[in-house]
Amino acid sequence: MAVPTYDHFIEPILRFLSTQSAPVAAKDAHEAAATALGLTFEQRQETVPSGQLVYKNRSGWAHDRLKRSGYSASPKHGYWQLTTAGADYAEASPSPLPQDEIERIASESNDVRLKPSVDGESMQLAEPPFAVNATAQSPDDRLDAATAEIRASVAGDVLELLRSVTPTFFEYVVLDVLHALGYGANRAALQRVGGSGDGGIDGVISLDKLGLEKVYVQAKRWQSVVGRPEIQAFFGALAGRRASKGVFITTSAFSPQAVQYAASVEKIVLVDGSKLAELMLDHGVGVSIRHIQIPRIDSDYFEEGAL
């Protein structure tokens, strides 16, 4: 008997988390859901092509749907906890949940990605880049949609993790990303200088081997929005070093006034949390990439005239 699809895991995860007053390890939630669904030993041994256990994969996607519906969160890596809205929903909803509710949670937000809110205090859902109608899609379309969905989910998780690391570690992450983008003759050309008395500069990139041309970096692991005053202060730090290039990177977002000011001085590039997460995915920083082999007919091989 096959392991149930991930939508069957939504209610067991919701109910288990509703009994927990503190964040709980995801592995405990996986086991609780598997027990609630009555999975056999054999079912618990099934794996997806990547090697992950099927029931843990589907439990994880069920929690992803609860997160996107605003019912759960990951306060720290590997731990889950219902939000206030999720706890209220679990208490007010009948058990078992009606099928239309399961379908709503499973599909309502599956094509959106997480990004920082304008005030930086929470995560909000952005509009999907395209609408998905599975019944009208070709297999290639469904593959593209699934890839986009997985990417959006991982980007949201990366951003959550970035917001939980120490400021020092975040500065190193920023330098790793910039190096992956091709800045600096080598990794040693990117130096962290953050700390007390850093003068508003967290990192320096030498664009050439002699260090004659440099880019200065400010890295802010913030929850709140970055406003114009912070960008003006960074501009002042650049001017104090007679620098012509600066990059300001944050885990949150920039206010419209900050964006306008940066554009007016031209020498400063802004990278918000969503953009940073996308860059990490694009360049394999802090994430692993799984390659999928998709067969296609080699028309040249079957061209008899070429023999």
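Predicted model: local features only at pLDDT ≥ 70, side-chain atom pairs only at ≥ 80, totals over all residues.
Setting aside the neighbours within four places in sequence, His30 is in contact with Tyr55, Lys56, Ser59, Gly60 and Trp80. Elsewhere in the chain, a charge meets a ring: the charged end of Lys76 sits over the ring of Tyr79, 4.5 Å from the ring centre.

Next comes a sheet. Five strands build it, in the order E6-E7-E8-E9-E10, and the sheet is open with mixed pairing. At its edges are strand E6 (190-192) and strand E10 (268-271), each of which pairs on one side only. On average, and ignoring direction, neighbouring strands here are turned by 20 degrees against each other.

Helix H11 (residues 273-282), for its part, lies across E9 and E10 and runs at about 80 degrees to E10.

Now for the aromatic rings. A pair of such rings is described by how far apart the centres are and by the angle of the planes. Searching the whole structure turns up four aromatic pairs. One of them joins Phe235 and Tyr261 in an edge-to-face arrangement, with 6.2 Å from centre to centre and 90 degrees between the planes. Phe235 lies in helix H9 and Tyr261 in helix H10 (residues 256-265), so this pair ties together parts that are 26 residues apart in sequence. As for accessibility, Phe235 counts as partly exposed at 25%, whereas Tyr261 counts as buried at 11%.

Phe248 and Phe254 make another pair: their ring centres are 5.8 Å apart and their planes stand at 75 degrees, so this one is edge-to-face. Phe248 is buried, with a relative accessible area of 1%, and Phe254 counts as buried at 14%. Together with Phe234, Phe248 and Phe254 form one aromatic cluster.

Terms used: Residues numbered from 1 in each chain as written. Heavy atoms only, no water. Pairing = 2+ DSSP bridges. Helix = DSSP H or I, 4+ residues; strand = E, 2+ residues; numbered from the N terminus. Axes fitted to C-alpha atoms, helices over the stretch in contact; angles between N-to-C directions. Contact = heavy atoms within 4.5 Å. Phe/Tyr/Trp six-rings, centres within 6.5 Å; stacked < 30°, edge-to-face > 60°. Buried < 20%, exposed > 50% of the residue type's maximum accessible area, 1.4 Å probe, protein only. Lys NZ or Arg CZ within 6 Å of the ring centre and 35° of its normal.
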